[in-house]
Amino acid sequence: SFVFTVSLLLGVAHDARAISKEEIVTLTKLGISDAEIIKAIDKDKTVFDIQIQDILALKQAGVTEGVIKHMLATPQLYGKKQPENATTGTASQTGAPEVGRPKTPEEIAAEQQKIREEAAKLADEAKKAREVQRKAYAQGILKNGQELAEDGKFVEAIRQFETFVEKGNYAPGSDEFYIAKYGIANALAKAGLIQSAAKNLVEVILEGPDKPFFQPAFRDLRELRKKISYSPPDLEELTNFYVGGFSQAFQDEFNYMLGEFFYDFNNYSQALKYFDLVSPNSPDYPKSLYLKGLVQVRNQLFRSALESFQNAIVATEQSKGDREIADLSYLALARIGYESGDYDAAIYYYRKVSKDSTKLPIAFYESAWTYFVKGDYSRALGTFQSLHSPAFDHYFYPELWILEATIYLNLCQYELTRKAIEMFNDDVVSLMQPMEDFMQRMRAPADFYAAVVDTANRTKVQMPARLLQPVKANVDFYNLYRTIRQIEHEQKIVQQNNDALGGFGQELSAKLQGLRQSKVNEIGIKVQQVLKKTQAEMQEFAIKVTEIEVDLDALELQKIDVEISTLAGEQVNESTKEAAGEGAIAIVGADSIQWPFEPEYWKDEIGSYRAFIAERCSK
């Protein structure tokens with residue numbers, strides 16, 4: 001009976017039309033097996049046009065990976081016939097010119113008209129903004145308040161706006177209250193009270209796009225977000241606003257910020273929706289492509305991700321935009337190459353990272369691993385040499401000596417293996433007990449943060465400075481630390497003007513204190529997580545060193561047995577000869593005769609070191 005019902009359901013879907021994505025979701029929820037659903041697809045040879053948003057939606061609806069992969073394969077299986085749910089029509093019906101033919105005069109005229117309309121829209125926006133300013137200036141409030149803020153008299157500016165609201169008895173929601181709210185936000189921003197200004201700007205923005213200061217408040221908030229990490233959940237309300245009446249430039253800014261907001265909250269389907277709305281002419285276009293690529297990587301859509309990262313690089317170069325986006329995209333492409341086993345491609349992209357980039361240490365470190373896994377020992381050891389140089393002193397790479405020891409062991413260079421293990425013990429194992437003692441002393445998250453600050457400022461010796469390097473290299477720690485420092489700066493300013501600010505200052509001070517405590521707890525937890533991860537890695541590396549030592553001891557004993565047997569004139573079998581090995585020893589890295597300037601490191605030579613060391617194992 002159950003099988004008959006399934007067949008009946010599938011039969012209805014087949015007889016009516018090609019099976020759709022919605023019907024696949026319905027069949028999945030009814031418990032129909034993957035095999036039956038795939039049969040339904042194959043029966044009508046349905047061709048699906050699947051975008052990343054569709055994949056996310058199908059996964060959320062419970063459709064299995066096997067069915068989704070089969071849907072993605074339908075264009076190759078059944079050719080390029082009309083996909084399901086596609087609209088019919090020719091190029092002339094849609095208004096789009098055919099690929100490869102020149103544009104008609106009508107099409108050119110239409111494009112020019114669109115450009116003129118956009119220019120007119122920008123001019124209209126500027127005119128409306130001037131009219132709004134004039135209305136506010138007529139009251140003398142906004143003008144005087146902004147002038148005071150520009151002169152550094154933010155206290156007087158805030159008091160003027162507060163007095164204006166109080167004397168006029170203007171309630172929230174009135175135009176006068178709205179003007180004063182924006183004026184206070186503007187004064188706070190001019191005074192460097194960014195955290196406090198950001199909250200006020202959000203309140204102004206959420207009054208809606210029909211309000212006069214929607215655009216300037218939004219742009220002010222974007223500028224502030226470049227200085228502090230600020231993504232309150234309230235920003236999700238911006239999705240309820242229609243901004244199609246604004247210029248394309250403002251729409252691009254609006255859509256990119258919403259895409260970035262949803263990306264930060266891991267809402268990738270919504271993030272992609274807004275990233276796709278950013279036009280190619282926008283300065284934010286390369287960043288939107290890069291973040292779109294990261295979403296695609298998270299969903300294992302590597303081909304699409306490759307295209308997004310490559311387009312981000314091209315867009316950056318064409319617009320002469322932020323070089324960091326190109327460097328991040330090169331890193332992403334290299335990592336995809338590494339994960340897919342295409343080590344040559346990975347190395348190619350790692351070497352494309354610019355020499356003055358802050359991402360260069362990461363590129364060097366990951367390329368060292370790539371050379372190691374690839375088996376290119378000469379370049380791997382040369383890159384290790386670079387990573388041991390003073391140029392990378394502020395990074396902590398505890399496993400480098402283990403990788404070197406592994407290479408030496410594979411080359412039957414037993415003495416060098418011992419030396420690498422000794423370096424690991426001196427550089428890494430010696431830090432394990434201080435780390436253990438430090439972790440046991442700490443109690444609350446705030447203790448971790450205070451200890452890091454004390455050690456970094458050398459006011460107290462809480463732990464070895466090298467163990468702070470993984471913490472300081474953590475992006476989340478950096479953003480939180482920068483936010484805390486900003487809050488402390490604002491607390492100091494408010495405290496200095498507390499009497500003049502009156503009740504407003506007391507309220508502001510209380511909010512800043514609560515915000516600082518929240519961020520201190522957050523950063524303390526992050527420090528604890530990073531240090532626990534580092535501690536676990538060090539313990540894991542110590543175990544790996546023990547494994548290498550066991551192998552080394554066995555090989556050296558075998559070598560001694562061969563030598564004793566040879567001296568005694570005994571016959572040595574071929575397998576024992578191979579284990580003992582022969583070959584000329586060569587020197588690696590810092591002792592290379594090819595580099596006569598030890599212990600100097602020349603900046604322009606970083607990244608081009610090679611190690612010439614012979615394999616001592618018999619073939």
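Visitor: Which exposed residues sit on the face of α3 turned away from its buried side?

Guide: Lys-39 and Lys-43. Exposed means over 50% relative accessible area, buried under 20%, and partly exposed in between (1.4 Å probe, protein chains only). This is a predicted model, in which local features need pLDDT of at least 70, side-chain atom pairs count only at pLDDT 80 or more, and totals for chains, interfaces and linings use all residues. Residues are numbered from 1 along each chain as its sequence is written, and side-chain values use heavy atoms, without hydrogens or water.

Visitor: What makes the buried residues of α3 line one face?

Guide: In α3 (residues 34-44), Ile-37, Ala-40 and Ile-41 are buried. Down the axis they fall within an arc of 95 degrees, so they line one face of the helix. The arc is taken from the directions running from the helix axis to the C-beta atoms. A helix here is a DSSP run of H or I, at least four residues, numbered from the N terminus.

Visitor: How do you know that the buried residues of α4 are on the same side?

Guide: Ile-52, Ile-55, Leu-56 and Leu-58 are buried in α4 (residues 52-60). Their arc is only 165 degrees, which puts them on the same side of α4. They pack against α2, α5, α14 and α15.

Visitor: Why are α3 and α5 called roughly parallel?

Guide: Their axes lie 11 Å apart, at about 25 degrees. Angles under 35 degrees count as roughly parallel, over 145 as roughly antiparallel, 65 to 115 as roughly perpendicular, and the rest as oblique. α3 and α5 are therefore roughly parallel. Axes are lines fitted to C-alpha atoms, for helices over the stretch in contact, with angles from 0 to 180 degrees between N-to-C directions.

Visitor: What is the handedness of the α3 and α5 crossing?

Guide: Right-handed. That is the name when the near helix is turned clockwise from the far one by less than a right angle; anticlockwise is left-handed.

Visitor: What makes α12 oblique to α13?

Guide: The axes of α12 (residues 214-225) and α13 (residues 248-264) come within 11 Å and cross at roughly 45 degrees. That makes α12 oblique to α13. The crossing is left-handed.

Visitor: Which α12 residues meet α13?

Guide: Among them are Phe-214, Phe-218 and Arg-222, and the α13 side includes Phe-250, Glu-253 and Met-257. Contact means heavy atoms within 4.5 Å. The contact residues divide into seven nonpolar, one polar and five charged. Ala, Val, Leu, Ile, Met, Phe, Trp, Tyr, Cys and Pro count as nonpolar, Asp, Glu, Lys and Arg as charged, and the others, Gly among them, as polar.

Key. Helices (H or I, at least four residues) and strands (E, at least two) are DSSP runs, numbered from the N terminus.
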